[in-house]
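Subject: The structure for you to look at

Hi there,

Here is the structure I promised to pass on. Please open it first, and then read my notes below.

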Amino acid sequence: MEKIVCACGHENPLGTKICSNCGRPLTEEGKSQKVLDMKYDGSAIRSKTHNKSFVDKVWNFFSSVKVGVALIIILLVVASIGTIFPQEFFVAAGTEAGKALYYETNYGSLGTLYYNLGLSDLYSTWWFQVLVGMLGVSIIVASIDRGIPLHKSLTKQRVKRHESFMRRQRIIAEGAVTEGDPSKTLYSVEEKLKKMNYKVRHDGSALLAEKGRFSRYGPYINHVGLIIFLLGVMLHQLPGMHVDESMWIRDGETRAIPGMDGYFLESKKFILETHDNDPTTAQIQQGVAVIAKNYQTDVVLYKQSDDALPGETNNLEVVKEYSIRVNHPLEHDGYSLYQMDYRLNELKEMTFSLTNKETGTVLGNITIDLRNPKSEYVIDENTKVELMEYYPDYTGFNDEGKPQTATPNPNNPAFIFNMITPEKPKGEISFVAIQQTVEGSGASENTYKMAFTGVDTINMSGLTIRMDKTIPLLIVGGFIFLLGLAIGSYWNHRRVWIEQLADGQIRLAAHTNKNWFGIKKEIDALTEYAHLPQYVDQLVDEKEKEKKDE
Amino acid sequence: MSLIDISGNLLFVAFVAYLVATLLIGGSIKSAKPDGAAGRATKWGQLAIIVTIIGFLAHLGYFITRWIYSGQVPVSNMFEFTTAFGMFLIGAFIYMYFMYRVTALGLVALPIALIIIGWAAMFPREVTPLVPSLQSHWLTIHVITAAIGQSILAISAVAGLIYLLKVIDAKKKGKERFWLEAVLYFLVIIVGNIAASVAFNAVGYEDRYSYINKDEIELQIIYNHPPIFGMNESTAITEGAMEPLIEMPAFIHAQKLNIVVWSLLVGTILYVLIRLIARKRIIELLNPLVQKVNLQLFDEIGYRSVLIGFPIFSLGALVFAMIWAQEAWGRFWGWDPKEVWALITWLFYAAYLHLRLSKGWEGKKSAWLALIGFGIIIFNLVVVNLVIAGLHSYA
């Protein structure tokens, strides 16, 4: 590879801006600058030196900070678009048509457009994920591209720098000591700098004091954390990495836990408590009568014994009893059960009387468990009721004139009964739904009817079951990110170069990656202590001069 | 006097103290005219800081007494959170003052805090009982850390505004002059919002209407501002109530729109009055006050506050938020609008830092970015909480 040979004889790789040996600026641009660009002093960045092959071009694209920032801005704008209307997962509608209708009725033609463009499920579109992926690649490439040269330049710093380097620093002082014996100056400078926690190195009559170098690694550390975090998010989508199930459980019921093989859950009771406060202004404005205080399901977690067959519910071993509340999930073996939903007064059982329409004589009562209906209910030898069809969530008749059910939940049960009685041993057909009894063809001639006599309700609790194997990775990534961020933000890398020239004159230059106010205070203290010549801040003085010129 | 009354009085004391401190800082800058009275200027400035600190302690007293009274951290409704945000903003200003010893920062920080607290007071002030999902120690940890992060980030906008007020020539026509004046016009609009609410509250204006919502259900609503815009198919319940001038369709919340329009109206009248009386743009009015500030230093303060605030914001608004979401709902991220806007804020300041570090965006560009960043923070507080429906919705 080509080299740039500095005036001092040192060979630098192509693309180097400042000689890594003496610090002379190597480019015309650098030579004409009043203050040097100190970012990667003495090192060349790959993206600035290779620009031939396809790989180089891709590399250069992703290593560019301009591209990185552009990706951030695009992602930011796109993410904001997703908040204009609610995303699909917040919409209760189950079907595609239902969703389309939701956006149309609530937000008009704009809503329809939003839905049709796919913006209503923006965060799971392939292009959104590609954007996040590209940002991830940009973080990796840019960090390698800049991190390695930075590390090189930081670890092989020479103490003595050329005057053209020193004079191009923002803070520069040149001149004789203001007081005392110049031969002792370097000694007292070193003493003071060490007191201020600088690490001091010597090279003849030159010294380099440095502190907070590790802070330069902060951005790279936080990028590593971000990448680990993004990796965790990607892994999350692989099969087997996470469980996300939900279950409804009625008071007193014991059910297998979906997604958690071999475990059963018994719900003792769902509890809803409300605050007994006087209604607040906000409540009155919004028409909210009461504010919920607690959602709780008292449960027992069971495990099948090891030798049990799948699905077998005998010989369950109690694992623990727990009250699942919001913010207090039941945790076991990496799984967590969360309180998510509830239904009060869910229909549980319905009771009907087999009644003679004319005389009103009741032959007997049957009680139907709406979750587990039986196919027939025997009253005596000659009398029984057959349940021919059951529609738990009856929504009327379909196009073919047949009754239909929307869900398997008993929200609006309807039944077709066959009533077998001593008078009618062949049976009479009756269709029964809440508030209506439609009898079969020629049903008006039925002798008997199923008269509704009562209903029994029960509370139900909606729980979600979650397990995520990527959580530890996310925690590690998040921790490294915050650590890197703190290191990069709360510490500064400060360097002071001081050289005593042959005639006893002092030349001082200083640089910090940020917080110039802070380093200036330190140099002020140093100047006073060691009687150094007063420094100038080349950037500020430049601006002051500009102002005077105006 | 019960604890909640003491709490309210302390907040009032804080408000007055900030008002006095603003005037004192104005005085300190006025008296710094080249009549050699620099010593007097520092004295005024120091007095302003002392008064600010007294106000801050009273504000802290409000926060603690309310916490003790209600038994829950007072950040759980619009009034409480916004008041706390104002307090942290003052705290961040005091912290930055002791770091850099510049009182001029207060010239913008104090009025902004005053506007924020004033706006907060327009919301119902009672203690709201907590719904189950908010009953967690993470409410305290997450909200306070996020608010502290946001308030330190806001200081960068304060520094940025001062920077721009000094560098942008108020006499030269251009985009920059237009947008800077627009920022100040926006602040006047918020003052207009407060003024309209206070005025209609003072005369006891309140009318009830019934209306039909988008699900065709009949509901009632209270108007505290005379209805320019009425809800869908609204009919007055209060006798003699004014008929709305314009009725809006169901998918627009006309009552909120009404408040926004009243704010714009009153704010614009105020703005026009200022322009007529002063015969100058507001930026021109303020320009003399910032002539003495050191631009380099204010650029650095702006940058430094982003550096200090960004990690705190990341911790509070993202990391703690994810931990809590995982504990409450079993998912650390759910693309709720508030979550998305916290991410947007975070991405924006990440862009700020990268532009500054690698592209050398300092000075004016940096200051403009800081103002936009504060705009996002305010959007996240106002629009996301009040307009966009979601888990953090207070509407």
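At what angle do helix 4 of chain B and helix 6 of chain B pack, and how far apart are their axes? Helix 4 (residues 104–120) of chain B packs against helix 6 (residues 175–202) of chain B at about 30 degrees, and the axes are 9 Å apart. Helices here are DSSP runs of H or I, at least four residues, and strands are E runs of at least two, numbered from the N terminus. Axes are lines fitted to C-alpha atoms, for helices over the stretch in contact, with angles from 0 to 180 degrees between N-to-C directions.

Before going on: this is a predicted model, where local features need pLDDT of at least 70 and side-chain atom pairs count only at pLDDT 80 or more, while totals for chains, interfaces and linings use all residues. Residues are numbered from 1 along each chain as its sequence is written, chains are lettered from A and ligands numbered from 1 in the order in which they are written, and side-chain values use heavy atoms, with hydrogens and water left out.

Back to chain B. Ile115(B), Gly118(B) and Trp119(B) meet residues of helix 6 of chain B including Leu187(B) and Ile190(B), contact being heavy atoms within 4.5 Å.

Helix 3 (residues 78–100) of chain B and helix 5 (residues 137–167) of chain B have axes that come within 8 Å and cross at roughly 50 degrees. That makes the two oblique (under 35 degrees is roughly parallel, over 145 roughly antiparallel, 65 to 115 roughly perpendicular, the rest oblique). The crossing of helix 3 of chain B with helix 5 of chain B is right-handed.

In chain A, helix 3 (residues 54–63) and helix 6 (residues 126–155) have axes that come within 7 Å and cross at roughly 100 degrees. Helix 3 of chain A is therefore roughly perpendicular to helix 6 of chain A. Trp59(A), Phe61(A), Phe62(A) and Ser63(A) supply the helix 3 side, meeting residues of helix 6 that include Met134(A) and Arg146(A).

Residues 126–144 of chain A are 100% helix and 0% strand, with end C-alpha atoms 27 Å apart. Residues 220–238 of chain A are 89% helix and 0% strand, with ends 28 Å apart by C-alpha atoms.

Best wishes

Notes:
A crossing is left-handed if the near helix is turned anticlockwise from the far one by less than a right angle, and right-handed if clockwise.
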